[in-house]
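Me: I would like to learn how to read a model like this one, feature by feature. Could you take me through it?

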Amino acid sequence: MCLGVYLHRFILQCSPLSLAPGARPATIGRMTDKYKAAAEAREAALCEPCRGIQRNWRRAPGHAELVQTQNWKEERGGKPVTITRWRCDRCASTWDYENDKNNQQAGWSLPSR
Ligand SMILES: [Zn+2]
């Protein structure tokens with residue numbers, strides 16, 4: 001299960017180019033628009049407490065209605081860091097929290113799924 005999640009995330013992190021090797025620039029443009037629209041939809045769905053979460057900052061707090069659903073490890077500069085996934089009880093948004101003590105800019109983010 002953990003490995004499956006890890007692989008899935010790995011695939012998600014590949015660039016659009018590697019996902020679509022034969023893609024032409026126009027296709028990439030449309031894909032970028034699609035990602036952008038999806039990102040905007042995620043933002044629009046956020047409830048008030050979720051909007052208040054400070055992102056990409058180590059040890060920034062979440063909020064009381066977040067419920068942890070999963071955790072796994074990923075490599076950052078050759079070192080394993082733990083990522084926890086949370087679901088908001090109020091707006092059903094999914095959040096990831098990356099706990100990397102070597103990176104002050106790791107923290108809360110909205111994953112692309
Ligand atoms: Zn929320």
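Me: Which residue in β2 does Gln68 stand opposite?

Reply: Gladly! First, some ground rules. This is a predicted model, in which local features need pLDDT of at least 70 and side-chain atom pairs count only at pLDDT 80 or more, while totals for chains, interfaces and linings use all residues. Residues are numbered from 1 along each chain as its sequence is written. Strands (E, at least two residues) and helices (H or I, at least four) are DSSP runs numbered from the N terminus, and two strands pair if DSSP finds at least two bridges between them. Here Gln68 stands opposite Trp86 in β2. Their strands, β1 (residues 66–76) and β2, pair in the antiparallel sense over 10 bridges.

Me: Where does the turn of that hairpin show a positive phi?

Reply: Look at Gly77, with a positive phi of about 60 degrees; the β1–β2 hairpin has two residues between its strands. In the β2–β3 hairpin, with five residues between the strands, Ala92 has a positive phi near 65 degrees.

Me: What is the strand order in the sheet?

Reply: The sheet is open, its four strands ordered β1-β2-β3-β4 with antiparallel pairing. β1 and β4 (108–109) are at the edges with a single partner strand each, so one side of each has no neighbour in the sheet. Six bridges join β2 to β3, with Arg85 partnered by Asp96 in β3. Two bridges join β3 to β4, and there Asp96 has Ser109 in β4 as its bridge partner.

Me: Which residues make up the largest nonpolar core?

Reply: Begin with burial: a residue is buried if 20 or more other C-beta atoms (placed from the backbone) lie within 10 Å of its own, exposed if 12 or fewer, and partly exposed in between. A nonpolar core is a set of buried Ala, Val, Leu, Ile, Met, Phe, Trp, Tyr and Cys residues joined through C-beta atoms within 7 Å. In this model the largest one has nine residues: Cys50, Ile53, Leu66, Ile83, Trp86, Cys88, Trp95, Tyr97 and Trp108. Across the 113 residues of the protein chain, 11% are buried.

Me: What is Trp108 in contact with, beyond its neighbours within four places in sequence?

Reply: Two residues are in contact if their C-beta atoms, placed from the backbone, lie within 7 Å. For Trp108 those partners are Ile53, Arg55, Ala60, Gly62, Trp95 and Tyr97.

Me: Is Trp57 buried or exposed?

Reply: Trp57 counts as exposed, because it has 12 C-beta neighbours inside 10 Å. This residue lies in the loop between α4 (48–51) and β1. Setting aside neighbours within four places in sequence, Trp57 is in contact with Gln105 and Gly107. Its C-alpha atom is 5.6 Å from that of Ala106, 49 residues away along the chain.

Me: Where does pLDDT stay under 50?

Reply: pLDDT is the predictor's confidence in each residue, from 0 to 100. The chain's mean is 84, and 76% of its residues reach 70 or more. Over residues 1–8 the pLDDT is below 50, and over residues 10–20 it stays under 50. Where pLDDT is low, the predicted coordinates should not be read in detail.
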